[in-house]
Amino acid sequence: ASVTPEVPWGFVCGYPTSNGDLYGGAMYLPSAAQTPQGNAIRLASTKFGNGQTLPFTPCKKGYIPVVNKSRKYACPLHNSQRERRFKREKSVFRKGEVPLTTFWDKYEYEQDHDDLNQNKV
C-alpha cells in the first residue's frame, strides 16, 4: 500500500466486508504488477481467490499497528471486532493471516532504539 500521513506504515486493514469494490481485480493486476502493492494484491488473490481477485471485498482503510503505545488489530472501524475474534480463538492467527506480532514487534523495536539513541545525546 502507499505510505501517506494518514497511513504512515502503508498498510490497509483487509477486514472482510459485505460490500465495496473487489480488490485486485484482473484489470488492476497487469498495470500494478511492478509495484509492492501490485505484488501483494497478486499474491493475495492467488492465495485466497481465483488468481484474479479476492472472493470478498476487503476494507481498504489504513491500518496502523500501534497507536499511543496500544496494539491494534485492524483499522479503527474494525479493530474491536478483530480483537474480539482473535481473543475468542485463543490468540491464534488464522491460516493465511499475517501475524500482527510482526508489525507490533517492529514498532516496539524501533521505539526501544529511538529511546536508547535519545538517551545517548
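The stops below begin with confidence and then turn to one helix and its surroundings.

**Colour by confidence.** This is a predicted model, with an average pLDDT of 76 for the protein. A score of at least 70 is reached by 69% of the residues. Select helix α1 (residues 29-32), where confidence is lowest, at a mean of 57. Where pLDDT is low, the predicted coordinates should not be read in detail. Confidence is highest in α3, at 95.

**Select residues 79-88.** This selection is helix α3. Which of its residues are buried? They are N79, R82, R85 and F86. These residues lie on the same side of α3, because the arc they cover around the axis is only 140°.

**Centre on R82.** This arginine belongs to helix α3. Why does R82 count as buried? Its relative accessibility is 13%, and the term buried applies to values under 20%. Display its contacts next: leaving aside residues up to four places away in sequence, R82 touches C13, G14, Y15 and P16, together with Y73, A74 and E97.

**Finish at K90.** This residue comes just after α3. Inspect the backbone here: K90 adopts a positive phi of about 60°.

Methods. Residues numbered from 1 in each chain as written. Predicted model: local features only at pLDDT ≥ 70, side-chain atom pairs only at ≥ 80, totals over all residues. Heavy atoms only, no water. Buried < 20%, exposed > 50% of the residue type's maximum accessible area, 1.4 Å probe, protein only. Helix = DSSP H or I, 4+ residues; strand = E, 2+ residues; numbered from the N terminus. Arc of directions from axis to C-beta. pLDDT = per-residue confidence, 0-100. Contact = heavy atoms within 4.5 Å.
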